[in-house]
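Please read them with the structure open.

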Amino acid sequence: MVSDSANVPPVSRGRTGRKPVGITKGPGESAHEYTFVSRDDEQVLKNGEYVYYELNEPDEWGQNGAQPVARRVLGRIIKRVPLQLYPDTFLAEPEVSPAQVAAMVGYDARANELFELHVAIMGYYDPESGSFINPWIPPQSGKQIFLADDEMLSQILCRKRVGQPGSATIGSLLTRTPGAVPIVLSVKDFVSTHLAIIASTGAGKSYLASVIIEELMRPYNKACVLIVDPHGEYGTLDQLPNLPDFSEESGEEGVEGYRAQVRIYRPEQVKVRLSSLNMGDMRHLLPEMTEKQQHLLSRALRKVNEMKRGTPWSAQDLMEAIRKVARSKNDEDGEGADDSSTVHALMWRIEQRFVDSFTFDDVQHLDLREIFKPGQCTVLQLNEVDERDQQVIVATLLRRLYQARMNTERGKVHSGESYLPYPVFVLLEEGHHFAPSGTEVVSTQILKQVLAEGRKFGIGVGIISQRPGKLDADVLSQCQTQCIMRIVNEIDQKSVAAAIEGVGRDLLDNLPALSKGQVIVAGAAVNTPVICRVRQRLTRHGGESKDAPDIWRKYFSSEARESRRLQEAPLGNNQGFSLLK
Amino acid sequence: MFIGKIVKSDSHINYVCQIYGPREVEVEPAPEDYAFGRFVRIAVRARQGDDPEAELHRVLGMSTEPRTYAVGVIYDTILLNPSFGSLGPRLSNETQVELFSPDYIAERAVLIYVMVLGMMQERTTPEGQTEVFSIMHGVPLLSLELGSEIETMDDEQVRAFHFFSDPDRPDEPPYLHMGYLPHIIAQRNSLLPMVALCIIDQLERLFPQNLSLLSIVKRNFAWRLKVETTG
């Protein structure tokens with residue numbers, strides 16, 4: 001009689017240095033899952049960890065026909081179910097470990113736990129296409145499962161290597177020791193197909209954004225970046241040019257090397273030229289205009305643009321145009337038509353809004369060639385600007401940028417202010433201000449247009465938001481690379497799940513459990529969704545919360561008391577003299 | 001103290017022993033010597049070598065060869081009286097029989113059931129000390145022989161049987177073992193769980209430092225025996 005074991009090939013010992021961590025049990029709950037059983041003595045099979053089995057494709061033999069090609073089919077652990085646990089009664093005495101009870105009754109083996117691990121099959125990596133190919137069949141029962149080693153993961157999770165041109169190393173794989181498996185985004189992909197960073201407040205959004213900016217400004221990227229910063233959190237990036245990581249010798253005699261530049265525009269420096277506003281902006285800035293006023297204003301705008309022929313016009317010019325339009329209209333309409341109150345009201349509103357305005361200026365505005373330069377990161381601080389004005393600033397800037405890039409790409413302009421012969425990346429902090437869901441604001445339209453068509457003209461947008469639920473769903477779904485950090489709010493979780501198809505449900509279930517500085521990265525810039533630990537920033541972080549108790553305590557420190565006493569003294573600070581005056 | 005000898009076995013681990021009756025031994029065992037839950041041990045016969053010197057040492061009780069014992073627990077007692085129910089005609093009463101025919105053997109006996117829980121090996125050191133050097137809990141590999149004598153174990157021996165280092169990790173500190181509990185539970189006998197409780201009570205007395213550990217097993221048993229069966 002021939003025993004069955006004669007037909008079973010001997011269990012392979014594995015290559016040197018490789019130890020199987022478990023044995024396949026069978027197919028899992030869904031078609032692309034399988035389960036395996038492991039004791040996991042070393043506690044390495046964490047949720048989200050990567051494991052693989054080897055698949056010999058019978059139709060694909062090696063070059064010399066001797067060895068079949070062993071493909072490593074990678075999968076991600078999504079669930080860990082205990083199969084063997086201590087009975088509840090063994091856990092009755094807090095000071096006695098259940099292992100002691102088990103040892104007393106004769107079970108003295110060190111390993112006592114057994115787990116069933118559910119794995120979502122990702123497929124084997126095809127270096128040519130840079131993607132994972134699903135084998136469409138779960139592994140046979142009894143296959144050995146291996147833990148993917150750091151080197152293998154670094155090669156297949158990301159397309160780019162650390163320090164390569166076009167790479168952005170944002171951190172390392174969460175389930176491994178820090179730095180073991182770097183997570184490197186492909187800059188080309190997230191810059192052309194847009195980026196979204198979504199997280200609750202305090203999860204480290206602006207920290208991650210700063211890390212990405214740092215990477216973009218490295219000598220191997222030399223990117224052209226604009227940050228719209230409504231909270232003034234990115235001011236600390238100005239240390240960047242002083243750090244050695246952001247400069248490079250040219251290597252040639254007499255030729256200046258690279259040094260990253262940072263330009264910070266304070267709120268008072270951010271100006272919008274009045275003549276760049278269109279009727280939509282006007283309607284937004286002067287809400288609740290009557291039909292008559294709107295009609296008058298649109299005709300006046302047309303007139304003033306005709307009169308000035310592309311040169312900037314002032315608020316006075318606009319008011320002059322309104323007067324002229326109103327006069328000619330009165331002549332057309334004949335007697336009985338009296339628009340004087342309308343004209344008066346409109347003029348009053350324009351004067352209130354635009355004359356001596358903080359943001360709007362007759363002549364000055366942000367020069368595109370000044371704010372967009374390769375190797376320069378420009379920060380527009382809008383922290384003292386009214387929200388409506390912020391929207392208009394972003395809308396006019398995006399519109400001008402889009403026009404400039406479109407005209408440059410199509411060869412319509414070859415010099416001048418709107419000649420921008422390089423792609424740009426714009427990072428919008430508080431993205432939901434500029435494209436809120438449910439309502440249309442002045443920047444929504446142009447933002448959607450840039451997101452949809454910016455790829456053709458080399459405009460990349462990064463949107464940062466803490467309330468994805470409040471962000472327009474179209475805008476979110478246009479961002480092909482997503483960095484999702486901790487989100488506790490259920491509505492926000494749902495809107496993320498709905499807008500982002502690239503991330504599996506199993507990864508999104510981890511959202512509330514992520515800690516500060518941990519991020520799920522998915523989409524175009526990585527090969528497969530990964531959970532990443534964000535690396536340390538090279539520049540100081542500017543977005544910390546205020547330590548209120550510390551500030552209160554300082555208020556009562558002896559120096560502060562003394563200086564207050566001097567300030568408040570009747571003759572302190574020469575107040576007495578000013579009183580005498 | 002020897003209390004009786006094996007007269008029958010029900011299985012590899014269940015033995016029936018007859019307690020020595022009057023005039024069989026010098027000191028007749030009292031009921032407390034074969035009480036329920038008492039630990040006993042039975043020597044396993046060793047292979048006899050043909051070395052005359054070793055034989056001499058053995059006879060003189062000076063042998064340093066290891067002695068192997070099966071350790072068991074008394075879990076049942078039966079009072080056997082073949083004449084019970086035979087109310088037939090008799091020629092003389094009991095007192096007369098005893099007086100006039102002293103060679104008439106009264107077929108009465110106390111039988112105890114012993115379940116074997118493990119083995120222990122001990123030897124006498126050259127200094128004359130007895131030393132336990134190997135303990136095993138569970139089903140013994142060797143079987144016992146009919147007629148083997150049963151000996152009660154004192155507290156020191158019971159303590160030694162329960163407190164030792166794992167044989168495969170001799171360097172680690174010894175700890176309390178009750179490796180026979182699973183096979184006590186596996187037996188189908190209504191008295192065995194009770195004997196387990198009884199053993200735990202004895203161990204609580206012998207190992208006061210392990211009270212909380214024992215209480216886990218004890219509570220578990222007590223719950224199942226007393227609460228679940230009654231409730």
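1. Start with the salt bridge between the chains. B:Arg219 pairs with A:Glu93, and their closest N and O atoms lie 3.2 Å apart. The model is a predicted one, and this distance is computed from its atoms.

2. How many salt bridges does the rule find across the interface of chain A and chain B? The count is 1. On the chain A side, the residues touching chain B divide by class into 7 nonpolar, 3 polar and 4 charged.

3. Next, polar contacts. The rule gives 5 residue pairs in polar contact across the interface of chain A and chain B, with both residues at pLDDT 80 or more.

4. Now the extent of the interface. Chain A contributes 14 residues to the contact, and chain B contributes 19 residues. Together the two chains bury about 1,300 Å². Of that area, 59% is on carbon and sulfur atoms.

5. Turn to the strands of chain B. Is strand S2, residues 14-19, mostly covered or mostly open? S2(B) is mostly covered, with 5 of its 6 residues buried.

6. S2(B) pairs with S1(B), residues 2-9, in the antiparallel sense. That pairing runs over 5 bridges. B:Gly4 has B:Ile19 of S2(B) as its bridge partner. S1(B) and S2(B) make a hairpin, with 4 residues between the strands.

7. S2(B) also pairs with S5(B), residues 109-124. The sense is antiparallel, over 5 bridges. Here B:Cys17 stands opposite B:Ile112 of S5(B).

Methods
Residues numbered from 1 in each chain as written. Chains lettered and ligands numbered in written order. Predicted model: local features only at pLDDT ≥ 70, side-chain atom pairs only at ≥ 80, totals over all residues. Heavy atoms only, no water. Contact = heavy atoms within 4.5 Å. Buried area = accessible area lost by both parts, 1.4 Å probe. Salt bridge = Lys/Arg side-chain N within 4 Å of Asp/Glu carboxyl O. Polar contact = N/O pair within 3.5 Å; in protein donor to acceptor, adjacent residues only side chain to side chain. Nonpolar A, V, L, I, M, F, W, Y, C, P; charged D, E, K, R; others polar. Buried < 20%, exposed > 50% of the residue type's maximum accessible area, 1.4 Å probe, protein only. Helix = DSSP H or I, 4+ residues; strand = E, 2+ residues; numbered from the N terminus. Pairing = 2+ DSSP bridges.
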